[in-house]
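Reader: I would like to learn how to read a model feature by feature. Please give the general idea, then the case at hand.

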Amino acid sequence: MAALPLLLCLLPLAPASSPPQPASPSPCPRRCRCQTQSLPLSVLCPGAGLLFVPPSLDRRAAELRLADNFIATVRRRDLANMTGLLHLSLSRNTIRHVAAGAFSDLRALRALHLDGNRLTSLGEGQLRGLVNLRHLILSNNQLAALAAGALDDCAETLEDLDLSYNNLEQLPWEALGRLGNVNTLGLDHNLLASVPAGAFSRLHKLARLDMTSNRLTTIPPDPLFSRLPLLARPRGSPASALVLAFGGNPLHCNCELVWLRRLAREDDLEACASPPALGGRYFWAVGEEEFVCEPPVVTHRSPPLAVPAGRPAALRCRAVGDPEPRVRWVSPQGRLLGNSSRARAFPNGTLELLVTEPGDGGIFTCIAANAAGEATAAVELTVGPPPPPQLANSTSCDPPRDGEPDALTPPSAASASASAKAAEAGAPTDRGVQVTEHGATAALVQWPDQRPIPGIRMYQIQYNSSADDILVYRMIPAESSSFLLTDLASGRTYDLCVLAVYEDGATGLTATRPVGCNRFSTEPALRPCGAPHAPFLGGTMIIALGGVIVASVLVFIFVLLMRYKVHGGQPPGKTKASAPVSSVCSQTNGALGPTPALPAPEPTAPRAHTVVQLDCEPWGPSHEPTGP
């Protein structure tokens with residue numbers, strides 16, 4: 001108990017425990033300036049020559065400026081745990097790659113500047129986690145692709161989006177339409193060639209839209225444009241005004257842009273690039289009545305086709321007009337045809353049936369439509385056995401001379417019958433345009449005089465072959481009513497239309513009026529009779545020479561075999577070793593040896609002669625030949 005007062009006296013002498021000290025801030029990266037004494041904390045490293053994001057960043061910083069450096073990539077760990085960062089600037093670096101999830105911890109970030117870098121694409125995971133982002137600056141990069149889900153995390157909060165000065169040819173328009181809070185949208189200085197209708201209809205807060213210097217030929221009407229007044233200069237414009245900039249585009253001033261011409265504007269930047277009559281004129285100086293369109297005219301379609309069941313079939317339809325007409329197909333049963341498991345519809349007007357069936361036969365209707373109207377044409381398809389081959393009705397071997405067109409002949413009865421069938425099937429024939437004479441490479445086209453049309457300048461002939469899609473134009477003087485077409489291909493079907501080009505008295509513009517169309521077929525080419533081709537002669541000579549050589553070798557072998565048999569199976573000049581003794585006669589010029597008796601010769605007149613004595617003696621195996 002005595003120790004208790006002693007302990008109570010010693011307690012006041014014990015040191016009191018100190019409160020916890022705040023963690024010391026991270027050291028400021030080299031060549032950077034850091035504000036860590038007061039909130040908000042900031043790290044400023046502009047133009048510091050950095051090659052990568054400094055690893056010793058203060059993770060409590062609210063502002064990080066890394067512009068004008070040489071950073072080439074942003075890694076996942078570079079900005080990890082910076083949950084309080086509000087402003088991040090990476091402008092004017094050499095960034096080519098941003099790792100997926102590199103900004104996933106920056107959930108409080110309000111502004112991200114990535115302009116002036118070398119990004120070529122932006123994927124779906126590279127902006128993940130930016131749920132509070134307000135300003136996204138991506139200008140002056142090399143962006144050629146923007147993923148549809150790249151802006152999903154910030155779609156509801158984004159207010160400014162700058163995609164200018166890139167290489168964008170397409171955009172995820174559906175994703176851009178979900179940016180309900182966006183105020184400024186910069187799409188200028190890209191490669192955009194078209195904008196879908198209604199792309200901006202849901203951007204109710206949009207105050208500035210910049211589409212300057214793209215490749216736009218037309219701008220479709222949008223509910224946003226018709227609801228808000230359009231002013232070019234932001235100064236003095238009301239808060240609800242929309243600033244729309246679309247200068248520097250090759251605008252095609254036709255009836256599709258009348259809606260834009262009717263809006264009040266204050267600028268003088270836009271100009272028309274086409275049609276030729278309006279090219280170069282100030283957009284707002286062109287009267288509304290000059291924004292005209294031309295209805296479509298079908299210039300080519302497939303002739304009646306016959307294919308066996310199970311084989312593919314291609315139906316072609318071409319049309320011209322202003323604007324370019326869109327071609328659709330309707331089946332014989334009245335159904336609109338498109339891409340399916342058995343059919344494919346191409347933008348150029350071709351309908352391909354991959355596998356034909358007996359029920360596919362009938363009249364297919366081609367519909368070409370644009371803003372000025374529509375035109376229809378019929379194509380007959382027969383599904384069944386293929387027709388029997390037809391032989392040429394001429395065997396003449398006298399082709400036309402070089403440089404001279406073939407002789408023109410009136411259409412034969414068979415051609416007239418074929419033309420009648422084509423007319424019944426809906427072929428583009430017109431009584432006003434006639435092909436009176438045609439041969440293998442030439443045709444004479446005639447049409448009625450159209451000079452009663454006031455202001456007529458010329459005629460235009462358009463034609464193409466069923467074997468290709470190239471449309472050929474011919475300009476004819478206004479005083480002509482016929483024209484000789486040359487350089488045609490033999491044995492082909494041609495679709496031809498004649499248009500009258502005149503000056504519209506109401507508008508003073510150049511306009512066209514169809515005179516009529518026709519279809520004709522050139523005669524098949526005559527097969528010339530001549531000498532065989534050089535390759536054929538060369539091959540024949542080689543075969544003949546080879547045959548002679550082979551025959552010679554066979555004859556030589558046959559002769560050797562015959563000689564071998566004649567000499568008893570021994571080579572000529574040799575005898576068998578067991579040959580019997582025979583008489584051998586040797587020629588001498590000396591004494592006479594024993595000779596066999598010879599019959600006495602008949603007496604003849606004496607004459608000079610030489611006596612040759614032949615000595616014959618037995619020869620056997622034991623004898624050896626001796627010298628002379």
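This is a predicted model: local features need pLDDT of at least 70, side-chain atom pairs count only at pLDDT 80 or more; totals for chains, interfaces and linings use all residues.

Reader: What volume does the second largest pocket have?

Author: A pocket is an open set of points on a 1 Å grid over the protein atoms alone, where a 1.4 Å probe fits, with protein on both sides within 12 Å along at least five of seven lines. Its volume is the space filled by probe spheres set on the points. Here that is about 1,000 Å³. Its lining has 41 residues, and Cys293, Glu294, Gly321, Asp322 and Thr512 are the closest to the centre. Lining means an atom within 4 Å of a point.

Reader: Which strand gives the largest share of that lining?

Author: Strands are DSSP runs of E, at least two residues; helices are runs of H or I, at least four. S21 gives the largest share, five residues. S21 spans 317–322, and S18 (294–301) is among the other strands that supply at least two. By class, the lining has 24 nonpolar, 10 polar and seven charged residues. Asp, Glu, Lys and Arg count as charged; Ala, Val, Leu, Ile, Met, Phe, Trp, Tyr, Cys and Pro as nonpolar; the others, Gly among them, as polar.

Reader: How many disulfides are there?

Author: The test is two cysteine sulfur atoms within 2.5 Å. The count is six. One of them joins Cys28 and Cys34, with sulfur atoms 2.0 Å apart. This link is right-handed, with 80° about the S-S bond.

Reader: Which residue forms a salt bridge with Asp68?

Author: A salt bridge needs a side-chain nitrogen of Lys or Arg within 4 Å of a carboxyl oxygen of Asp or Glu. The partner is Arg92, with the closest N and O atoms 2.7 Å apart. The two sit 24 residues apart, in separate loops: Asp68 between S3 and S4, Arg92 between S5 and S6. The structure holds 14 salt bridges.

Terms used: Residues are numbered from 1 along each chain as its sequence is written. Side-chain values use heavy atoms; hydrogens and water are left out.
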